[in-house]
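Good morning, colleagues. Please bring up the structure on your screens, and I shall begin with a pair of packed helices.

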Amino acid sequence: MTIISDLINLNLSDVTDKVIAEYVWIGGSGLDLRSKARTLHEPVSDPSKLPKWNYDGSSTGQAPGQDSEVILCPQAIFRDPFRRGDNILVMCDAYTPAGEPIPTNKRHAAAKIFSNPAVAAEEPWYGIEQEYTLLQKDVNWPVGWPVGGYPGPQGPYYCGVGADKAFSRDVVDAHYKACLYAGINISGINGEVMPAQWEFQVGPAVGITAGDQVWIARYILERITEMAGIRLSLDPKPIMGDWNGAGAHTNYSTKSMRNEGGYEVIKKAIEKLGKRHNVHIAAYGEGNERRLTGRHETADIKTFLWGVANRGASVRVGRDTEKEGKGYFEDRRPASNMDPYVVTSMIADTTILWKP
């Protein structure tokens, strides 16, 4: 007797060359993900070989009803961990029918920065630490927490083990493996300081690919939490009080920083970041002021400071980087709900192109 899981797991390659492409894009809030599927006549591995598509932008808050068509342009392909086989996930950005990027298309401007010869020559590497919180779907309260109540204070939960310390590890591990299957360069996961809060790391990834990979990793996580019947939150401070917020610390280096003498390049880059602190903060995520309070491993939102091994700084330099005289630094200011296209390109623009 056939059951629904049998049909979901059908291997199409046994009977047809056709494959399913799930087109993924960013909706009108700039944070919500949307997707829809289409059939291709054969496997495709080059996004330029995929057809453009369209959707109803009036239903996503991205176009008026009287002129609702928005065009999807495929930009990056990933293996589909849900349908598997030759089926794919396609990261797209969105344009008007006239070919202009719509306001929520942050990828277009980022790609321009990363294609600048001066930026491309520096081969900017990124490692993004995406923190997130898992919530009970119907009450919007962290999983594992008593409804309307609180667990014990922070301390035992960071990288914790045990049923009273780590909640929904099955979801987290499923996401980890699904991202590796998809071809995302996910480099690790860990439980965070607040219970029901977790982190995954994407990178190293070069240039625009960092944004593509983080967005698809978020999409995969949304799909897995959908299957598990729990809600994903990227709010930078989901629980007020003496609880850690959620960030997206962004590790960064250029070729000059990775080479001999790179520490001096790093210090000059950090100095530039300090001079544009307010510009960066304005683009680093909504509600970040609730997180960047100067407590819970953050610097105050109005203050820019950096230090070696200082997790209370805006920018942290690792001990190894200081010792070796080259390497990378970590921008600790981005919120968990930041747009990785915006943050990665802005860091490159400030440290490589911007002239104080």
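In this predicted model, helix α4 contributes Val171, Ala174, His175, Ala178, Cys179 and Ala182 to a contact with helix α5, where the partners are Ala217, Ile220, Leu221, Ile224, Thr225 and Ala228. By class, the residues of that contact of α4 with α5 comprise 10 nonpolar, two polar and no charged.

Let me turn to the geometry of this pair. Two packed helices are described by the angle between their axes and by the distance between those axes. Helix α4 covers residues 169-182 and helix α5 covers residues 208-228; their axes come within 10 Å and cross at roughly 140°. Angles over 145 degrees would count as roughly antiparallel, and α4 and α5 are therefore oblique to each other. The crossing of α4 past α5 is right-handed.

Aspartate 170 lies in helix α4. Is aspartate 170 buried or exposed? Aspartate 170 is exposed, its relative accessible area being 57%. Between aspartate 170 and alanine 228 there are 9.5 Å in space, C-alpha to C-alpha, although the two are 58 residues apart in sequence. Alanine 228 is also among the α5 residues that meet α4.

I now come to a second pair, α7 and α10. Helix α7 comprises residues 262-275 and helix α10 residues 340-353; their axes come within 9 Å, with a crossing angle of roughly 115°. That angle makes α7 roughly perpendicular to α10. Here, too, the handedness can be stated: α7 passes α10 in a right-handed crossing. Which residues of α7 and α10 meet? From α7 they are Ala269, Lys272 and Leu273, and from α10 they are Thr350, Thr351 and Ile352. The residues of this contact of α7 with α10 are three nonpolar, two polar and one charged.

Finally, let us consider the chain as a whole. The chain has 10 helices and 14 strands. Its radius of gyration is 21 Å, close to the 21 Å that the globule rule gives for 356 residues, so the chain is as compact as a globular protein of that length. Taken along the principal axes, the box filled by the C-alpha atoms is roughly 60 × 50 × 45 Å. Of the 356 residues, 51% are buried. As for the contacts with a separation of 6 or more, 65% are accounted for by residues 24 or more positions apart.

Thank you for your attention.

Terms used: Residues are numbered from 1 along each chain as its sequence is written. This is a predicted model: local features need pLDDT of at least 70, side-chain atom pairs count only at pLDDT 80 or more; totals for chains, interfaces and linings use all residues. Side-chain values use heavy atoms; hydrogens and water are left out. Axes are lines fitted to C-alpha atoms, for helices over the stretch in contact, and angles run from 0 to 180 degrees between N-to-C directions. Helices (H or I, at least four residues) and strands (E, at least two) are DSSP runs, numbered from the N terminus. Angles under 35 degrees count as roughly parallel, over 145 as roughly antiparallel, 65 to 115 as roughly perpendicular and the rest as oblique. A crossing is left-handed if the near helix is turned anticlockwise from the far one by less than a right angle, and right-handed if clockwise. Contact means heavy atoms within 4.5 Å. Ala, Val, Leu, Ile, Met, Phe, Trp, Tyr, Cys and Pro count as nonpolar, Asp, Glu, Lys and Arg as charged, and the others, Gly among them, as polar. The radius of gyration is taken over C-alpha atoms; the globule rule is 2.2 Å times the number of residues to the power 0.38. Buried means under 20% relative accessible area, exposed over 50%, partly exposed in between (1.4 Å probe, protein chains only).
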